[in-house]
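User: I am new to this structure. Please show it, and then I will ask about a few of its residues.

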Amino acid sequence: MVDDAFRAQNQGAVYFAVAQNGTLIFTPGGYARTLVQVDRHGRRMPIVDDRLGFRGPVVSPDGGKVAVTIDPRPSQIWVYDLARRTRSAFATDHHSLTPLWTPDGRRIAYATNEGRGPDLFWRAADAGSPAERLLARDGQQYPASWSRDGKLLIFSDGLPNALDIWMLPLGGQPQPLLATPASEWEAQLSPNNRWIAYQSNESGRLDVYVRPFPN
């Protein structure tokens, strides 16, 4: 009927409605989003020329690159070099999302449907070596934050409406950090590793909480 109806970021909602007389109304746009940087005064400046289904961009530790998920599904992960204004494929063979740079910028962890999934994988940031599985278990896992030394990965685990926050020591076994009847996700460690901030629907709405870490 029509092409390029706008779809909500991170959701399945498409903005259209049908009147009783059969008239269809819709918001155009499709996946034509832009990547911009915004300074502390609110000034926006495009950082690439592409207009694609961008979501979840993350800047490399040195500030020179951006890893970003690109829709439509199966979603892919690409890396943009901000100085050269070029992009390179990072994870494009399966449905992949939520890229997360390691603190040294050498690797990117991400969730992908390679196998059961989404499971946790990582690979060299330049995609010069095969991806390695970090964790495979039932449910869905999404990387969220690294400890400052890069030896501990914080991730979300569970189902979309019942997520908990877990820790994965590299080379060790996953351990629950916040497992409650509510959903907790989007965990972020503070730069000094003493605090953790996260989203939760514990109150019946989406709020941000801060707790000491790891206690």
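Analyst: Helices (H or I, at least four residues) and strands (E, at least two) are DSSP runs, numbered from the N terminus. This is a predicted model, in which local features need pLDDT of at least 70 and side-chain atom pairs count only at pLDDT 80 or more, while totals for chains, interfaces and linings use all residues. Residues are numbered from 1 along each chain as its sequence is written, and side-chain values use heavy atoms, with hydrogens and water left out.

User: In which strand is Arg123 placed?

Analyst: The strand in question covers residues 119-124. Arg123 belongs to β11.

User: Which backbone oxygen does the side chain of Arg123 reach at 2.6 Å?

Analyst: The backbone oxygen of Ser129 lies 2.9 Å from a polar atom of the Arg123 side chain. The one at 2.6 Å belongs to Phe90.

User: Is Thr102 buried or exposed?

Analyst: Thr102 is found in the loop between β9 (96-101) and β10. Its side chain makes a polar contact with the side chain of Asp104 at 2.7 Å; such a contact is a pair of N or O atoms within 3.5 Å, one able to donate a hydrogen and the other to accept it, and residues adjacent in sequence count only if both atoms are side-chain atoms. Because its relative accessibility is 6%, Thr102 counts as buried.

Terms used
Buried means under 20% relative accessible area, exposed over 50%, partly exposed in between (1.4 Å probe, protein chains only).
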